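Please keep the model open beside them as you read.

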Amino acid sequence: APASFTGADVYQRSFDPRAYLEEFYNLSDSSGQPNTFLKLNLMSLHRMFSLDGLRGDTLIDIGCGPTIYQLLSACENFEQIIASDYTDQNRRELEKWLRKEPGAFDWKPVVQYVCELEGNREVWAEKEERLRKKVKQVLKCDVTKASPLDWLPVDCVVSTLCLEAACKDLATFRSAVRSIGTLVKPGGHLVMLTVLQETYYAFNNQVFSCLHLDKNMVEEAVEAAGFDVRFSEVQLCPPGDPRADCEGVLSLVARKHL
């Protein structure tokens, strides 16, 4: 585990989005082993965005990092998407893909996998185009601030694998959940993927801290922020991965009180 909490300044200074993508977001690794962690998360997102009522005009992604996997199921249900992340180089990496710049990360296998979950692998190129059109802005956000993003409340906020890395302790986590909760309209939804019982993740010879959380802590934080939990399920992580010590991933959908 890292000696201390990895703060925002460390991410801004030394987080390498490209190395992160190559390490964690290929569907199979260099020796052909399937990326179980990613596939489980894609299945969870597909299931969550298939729930009744998870649709509307605008979706905000808080802490998108350099990734799009978390928007592939969501983009079918919302007219516009606002992506946001703290780290400049993450937003730049995401924009590369959105603008089809040379050297952008190849998400095609992941998009095909999600299309397969939705019933037709062949429509992957259309899905990519639809997502590119729907992401209207990529903004800077800071989940440790009371107003993480200057935006009016929307129908849905999604946050995947972000808060547990950005928050140094449970109090900070609870207040971050409350802050992102303010971006959800009454009756709207919060969708989260949170790693559980993890203290670090590592890639590219760097170690990043993670807040050790359990399912109850996350659910309590969401309820304290004015939501009812509608869906909550833990997928166990494949054991023995040297890159992280997580035990599971919590998929959670909550509806904001009217």
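The points below go from the conventions to the sheet, the helices and the salt bridges.

1. A word on the ground rules. This is a predicted model, in which local features need pLDDT of at least 70, side-chain atom pairs count only at pLDDT 80 or more, and totals for chains, interfaces and linings use all residues. Residues are numbered from 1 along each chain as its sequence is written, and side-chain values use heavy atoms, with hydrogens and water left out.

2. Let's begin with the sheet. Seven strands make an open, mixed sheet in the order β3-β2-β1-β4-β5-β9-β8; strands here are DSSP E runs of at least two residues, helices are H or I runs of at least four, and both are numbered from the N terminus. Two strands pair if DSSP finds at least two bridges between them. At the edges sit β3 (135-140) and β8 (227-236), each pairing on one side only. From one strand to the next, the twist averages 15°.

3. Strand β2 (residues 78-85) pairs with β3 in the parallel sense over five bridges, and D85 has K140 in β3 as its bridge partner. Lying across β2 and β3 is helix α4 (residues 88-98), which runs at about 165° to β3. Angles run from 0 to 180 degrees between N-to-C directions, and axes are lines fitted to C-alpha atoms, for helices over the stretch in contact.

4. Y113 belongs to helix α5 (residues 108-117). Why does Y113 count as buried? Because its relative accessibility is 14%, and buried means under 20% relative accessible area, with exposed over 50% and partly exposed in between (1.4 Å probe, protein chains only). Leaving out residues up to four places away in sequence, Y113 touches L27, K39, L42, M43 and R121, contact meaning heavy atoms within 4.5 Å. L27 is 86 residues from Y113 along the chain, yet their C-alpha atoms are separated by 8.7 Å.

5. The surroundings of α5 come next. Buried residues in α5 are V110, V111, Q112, Y113, V114 and C115, and their cover includes α3 (36-48) and α6. The axes of α5 and helix α6 (residues 124-134) are 9 Å apart, at an angle of about 105°. That makes the two helices roughly perpendicular, the class for 65 to 115 degrees. In this contact K108, V111, Q112, V114 and C115 of α5 meet W124, K127 and E128 of α6. After α5 comes G119, with a positive phi near 115°.

6. On to charges. There are 21 salt bridges, each a side-chain nitrogen of Lys or Arg within 4 Å of a carboxyl oxygen of Asp or Glu. One of them joins R18 and E93 at 3.4 Å, N to O; R18 is in helix α2 (residues 17-24) and E93 in helix α4, 75 residues apart. R18 is partly exposed at 28%, whereas E93 is buried at 7%. R18, E22, E93 and K96 are linked in a network of salt bridges.

7. Two further pairs deserve a glance. D88 and K140 form a salt bridge with their closest N and O atoms 3.4 Å apart; D88 is in helix α4 and K140 in strand β3, so this pair ties together parts 52 residues apart in sequence. In the other, the closest N and O atoms of R132 and E128 are 3.6 Å apart. These two residues are separated by about one helical turn, because they are four residues apart in helix α6. R132 is buried at 15%, and E128 counts as buried at 10%.

Notes: Parallel < 35°, antiparallel > 145°, perpendicular 65-115°, else oblique.
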